[in-house]
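Take a first look at the fold below. Follow the chain with your eye before you read on.

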Amino acid sequence: MTERQNHANKTLKRLIVIGSILLTLLIALLLVAFWFLFFKPEKPYDTMSYDGNHYYNTAYIQPNLQFEGEKTTIFGESNYLGSYTSKAFDNQKNSKLWTINNIPQKKLIVEMTPGKSSASYTTWTNKHLLSPKDAFDYLNPKYLTYAIDNSQDNSTKTLGTNTQEEVIKEVKKIIGRKPNLKTFQTITATSTYEIYFNNDNKQSLVLQVSLVETKKGTKLMSVAGDLGNINYWKVSDKLLSLLN
């Protein structure tokens, strides 16, 4: 074997080693990306301590506000609890805290500070709600209204007590399953129904469920408040029948 051939063999071996290292790094990066996409690492969240209780913020359950500028209030029955000072971005932030009638303070409080043109708000719960199912079970809705999304009629409608109970059971059953689809952004589809689940008929708190239909005719459902991945479930015929 000549010296030139030896040199060529050594170069080839170096290239194979370098290629193997690069391939290993690529596979590792792909595995990390796969993990973050499909195994849902824990998301960052805010916490608050007040009056001896510890709370987590949630975007699934929101206060139902009556917007009137600095006179904005929480719909239904709520009571002013006191002020809360937090330090955000090195600035002292003063917020107003509220309790909702028939919900213990240690379970849930609402941070809502009216402004001149809007109101900032956060819902705080004593449990870390990680999924739509967690939030639905936690709110344990007793009342709902819904709206049909079309150009002719956007009014909010109600259902009979028995039908409401059936809708609540069916939605709870659907979101208790594994989602049929997960995406980073909302899908292209036509909105058909919006369902507003409330803590009771005073409607101080709301959890919103949206029904859409894709171009292929697939009917899907999502829950407002998902952070990161947006979960979609196939809508059952029973739920559509109850709404119709």
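The paragraphs below go from the whole chain to single residues.

This is a predicted model, in which local features need pLDDT of at least 70 and side-chain atom pairs count only at pLDDT 80 or more, while totals for chains, interfaces and linings use all residues. Residues are numbered from 1 along each chain as its sequence is written, and side-chain values use heavy atoms, with hydrogens and water left out.

Start with the whole chain. It has 4 helices and 16 strands. Both are DSSP runs numbered from the N terminus: helices are H or I with at least four residues, and strands are E with at least two. The accessible surface comes to about 15300 Å². Carbon and sulfur atoms account for 53% of that surface. Such areas come from the Shrake-Rupley method with a 1.4 Å probe; for residues, only the protein chains shown count as cover. Of the 244 residues in the chain, 36% are buried. Buried means under 20% relative accessible area, exposed means over 50%, and partly exposed lies in between (1.4 Å probe, protein chains only).

Now go inside. The largest nonpolar core has 39 residues. A nonpolar core is a set of buried Ala, Val, Leu, Ile, Met, Phe, Trp, Tyr and Cys residues joined through side-chain atoms within 4.5 Å. The residues with the most contacts inside this core are Ile61, Phe197, Leu207, Val209, Leu211, Met221 and Leu239. Helix α3 gives the core its largest share, 5 residues. Apart from this core lies another, of 7 residues, including Tyr50, Tyr55, Tyr84 and Ile109.

Leaving aside neighbours within four places in sequence, Leu211 is in contact with Thr190, Ser191, Thr192, Tyr193, Ile195, Leu220, Met221, Val235, Leu239, Leu240 and Leu243.

Turn to helix α3 itself. It covers residues 161–175, which is 15 residues. From its first C-alpha to its last it reaches 22 Å, close to the 21 Å expected at 1.5 Å a residue. The expected span is 1.5 Å times one less than the number of residues. Which residues of α3 are buried? They are Gln164, Val167, Ile168, Glu170, Val171, Ile174 and Ile175.

Next come the charged pairs. The structure holds 5 salt bridges. A salt bridge is a side-chain nitrogen of Lys or Arg within 4 Å of a carboxyl oxygen of Asp or Glu. Lys133, Asp137 and Lys172 are linked in a network of such bridges. Lys133 bridges to Asp137, with the closest N and O atoms 2.8 Å apart. These two are 4 residues apart in helix α2 (residues 132–139), so about one helical turn separates them. Asp137 also meets Lys172, at 3.7 Å from N to O. Asp137 lies in α2 and Lys172 in α3, so this pair ties together parts that are 35 residues apart in sequence. Lys133 is partly exposed, with a relative accessible area of 32%. Asp137 is partly exposed as well, at 32%. Lys172 is partly exposed at 42%.

Another bridge joins the side chains of Glu213 and Lys219 (3.9 Å, N to O). Glu213 is partly exposed at 29%, and Lys219 is partly exposed at 33%.

Thr214 lies in the loop between β14 (205–213) and β15 (219–223). Is Thr214 buried or exposed? It is buried, because its relative accessible area is 18%. Beyond neighbours within four places in sequence, Thr214 is in contact with Ile187, Ala189 and Leu220.

Compare another loop residue. Thr186 lies between β12 (181–183) and β13 (190–198). Thr186 counts as exposed, because its relative accessibility is 59%. Thr186 and Ile230 are 44 residues apart in sequence and 7.0 Å apart in space, C-alpha to C-alpha. Not counting residues up to four places away in sequence, Thr186 touches Ile230 and Tyr232.

Leu23, Leu26, Ile27, Leu30 and Leu31 make a nonpolar surface patch of about 500 Å². Patches are made of residues with over 30% relative accessible area and no salt bridge; like charges are joined within 9 Å, and nonpolar side chains (Val, Leu, Ile, Met, Phe, Trp, Tyr) within 5 Å. Leu30 sits in helix α1 (residues 3–38). Leu30 counts as exposed, at 54% relative accessibility.

Methods. Contact = heavy atoms within 4.5 Å.
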